[in-house]
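Good morning, and thank you for coming. I would ask you to look at the model on the screen while I speak.

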Amino acid sequence: MVIRNARFVPHHRSASAAALLAAAALVLAGCTVPRAEGVDGRTGENFQVREPSGPALVLDSTDPAELALTASQAFFHASPVAVFASADDDDARSTAAATGAAVTAPVLLTDGGVSDDNLVTELERLGASTVVVIGDEAAVAAAGEATGKAEVVRFDPGALSAAAEAAASAGRGGGDKKQNVTKVEMPTADRLDAGKVDGLRSEIPDVADPELLEEILVAVDPKLGQEAAIGTALAAGAVPVVVPGGSVVAGPETVETIRTLQPLGVVGIGGGFGSADELGWQVAVATSGATLPDGGLRLFPGRYISTSYTVPAGSTDPAADAAGAVAAASANGELLGGAPLVTITANLRSDAAGEDGDHVDEQPLELLAPAVDAIRAAGQLVLLDVAPGNKPLAAKLKEIEPLLVKPGVGLSVHPEFRVAGNGAEAGAVPVAELQAVVDRLAEIATARGLPQIMLEVHQSTAASVVDRAALRVPPQVAVVFTAAGPGEGQATADGVWADVAGDIPAGTFLGWSAPSSVPTDPTSIMPTEPLLGLVSAG
């Protein structure tokens, strides 16, 4: 067998799940069911596993039987054996999952949201000639027509070891069986009595030394109802990584695990992982090693302080201007209580249409880049201030994208500076224009493995983004709506703050413009509720 990456170990059915996990630890120190697509990989005449078709896949059904079926489709192209259990029996599900991991077989559930016909169809797709039913004779009888023409072998749920049974009871919180809320123990093969597993193996078809998945992780935050899907992933050879809360980037230990293993693909089991694109970004940034100045991957919770001393357009010595801005931002950060941030003027609005007719004067990248690099070298965040002109907000992103691909570099936009044209009235933009900016920044973050990118949206009235509440914000982007002051150097008026801060889109944050001259006690003028994510000083 060819091992494509020495970080991962070869997986064979003869090895227990405990051995696989130990090896990984050493490296680390009816209904119509949607199909989960994968890439077939032949590992034996009657046994084939499937790799995810992309860098990330999420199996997120809330129905245990449907989740189990999609896991079987995602991880197995063919298998002579399948394991069955009742979706309504917690103990049987747990035993079935561990059994699947032990005998290298997908795990399916009856009595749930999948019809008997769908289960028979899945057995036919797998080419499964034998079904192992977890439970007593009544359980075998209940499986009934779902087993199709396969030979049925019964396996006693009492095969769970005493230690595993105790752990499972503790995980269920003393009998609380609310699915998808209560956490459970990982259904690994070592939870079963080894002797009984050997007895089972003597009754089912054998596949000679099957090769399993290589360099594929399964991200889990185990909950009741997910056992069968997790067991199937382990059976196929995926290396499990427990991700508390479903956020890869939230925990340094999880990030370090992903970064160390550098997997070819990751499958998330459970709705907590969001979309495949979201999980894909989290894996990309975890493996890239790129971080924000503070070493983190997410911008919030936190507060950031900008400064009135920006790097101006037309600067003849942008690096020198950047040094002054860094010093000013540091001083403001201490005074106002937050991490310093510097804004660089990337372009300016213009009364004249200009050669390209967009009413924007662009600043050359060769002048912007030294300032960006100097600020990042000082350990501060950068926002590129962009004027919209008469074209959609996203129109200028391509020109500055070589700067946006640097970690810790974000964007600041001004909907109220929008010049009429291309579907927008003067002084306002439809939410679709802002959405296009958010989506493009998310694409850049995922493609480049970047930590969160900040997007600041200056507003003196919430109406400057039409239908603002409809904005959808993916985890790659942190959107801050900054209540802009009525004039340069002035603090935001109370009325402006109330208007901009009201009913901001879900998952976004608030900013506030401070005056150029900040009092010794800034809390006397700064709003306290909702909490500020950004103070734009000056």
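This is a predicted model: local features need pLDDT of at least 70, side-chain atom pairs count only at pLDDT 80 or more; totals for chains, interfaces and linings use all residues.

In which helix is L234 found? L234 lies in helix α8, residues 227-236; helices here are DSSP runs of H or I with at least four residues, and they are numbered from the N terminus. Residues are numbered from 1 along each chain as its sequence is written, and side-chain values use heavy atoms, with hydrogens and water left out.

Let us stay with L234. Is L234 buried or exposed? L234 is buried, because its relative accessible area is 7%; buried means under 20%, exposed over 50%, and partly exposed in between, with a 1.4 Å probe and protein chains only. Leaving aside residues up to four places away in sequence, L234 touches A101, M186, P187, T188 and P240, where a contact means heavy atoms within 4.5 Å. L234 and A102 are 132 residues apart in sequence, yet 8.8 Å apart in space, C-alpha to C-alpha.

I turn now to helix α9, residues 252-261. Here T254, V255, T257, I258 and L261 are buried. They sit on the same side of α9 because they cover an arc of only 160 degrees around the axis, the arc being that of the directions from the helix axis to the C-beta atoms. P252 and E253, on the other side of α9, are exposed. After α9 comes Q262, with a positive phi near 45 degrees.

Next, the nonpolar cores, each a set of buried Ala, Val, Leu, Ile, Met, Phe, Trp, Tyr and Cys residues joined through side-chain atoms within 4.5 Å. The largest has 75 residues, of which L384, L411, L434 and L455 touch the most other members. Helix α14, residues 431-448, gives this core its largest share, eight residues. A second, separate core of 64 residues includes A65, L69, L108 and A189.

Finally, how do α10 and α14 pack? Helix α10, residues 276-288, meets α14 at an angle of about 45 degrees, with the axes 7 Å apart; axes are lines fitted to C-alpha atoms, for helices over the stretch in contact, and angles run from 0 to 180 degrees between N-to-C directions. The two helices are therefore oblique to each other, since angles under 35 degrees count as roughly parallel, over 145 as roughly antiparallel, 65 to 115 as roughly perpendicular and the rest as oblique. D277, G280, W281, A284 and S288 of α10 make the contact with A445, T446 and R448 of α14.
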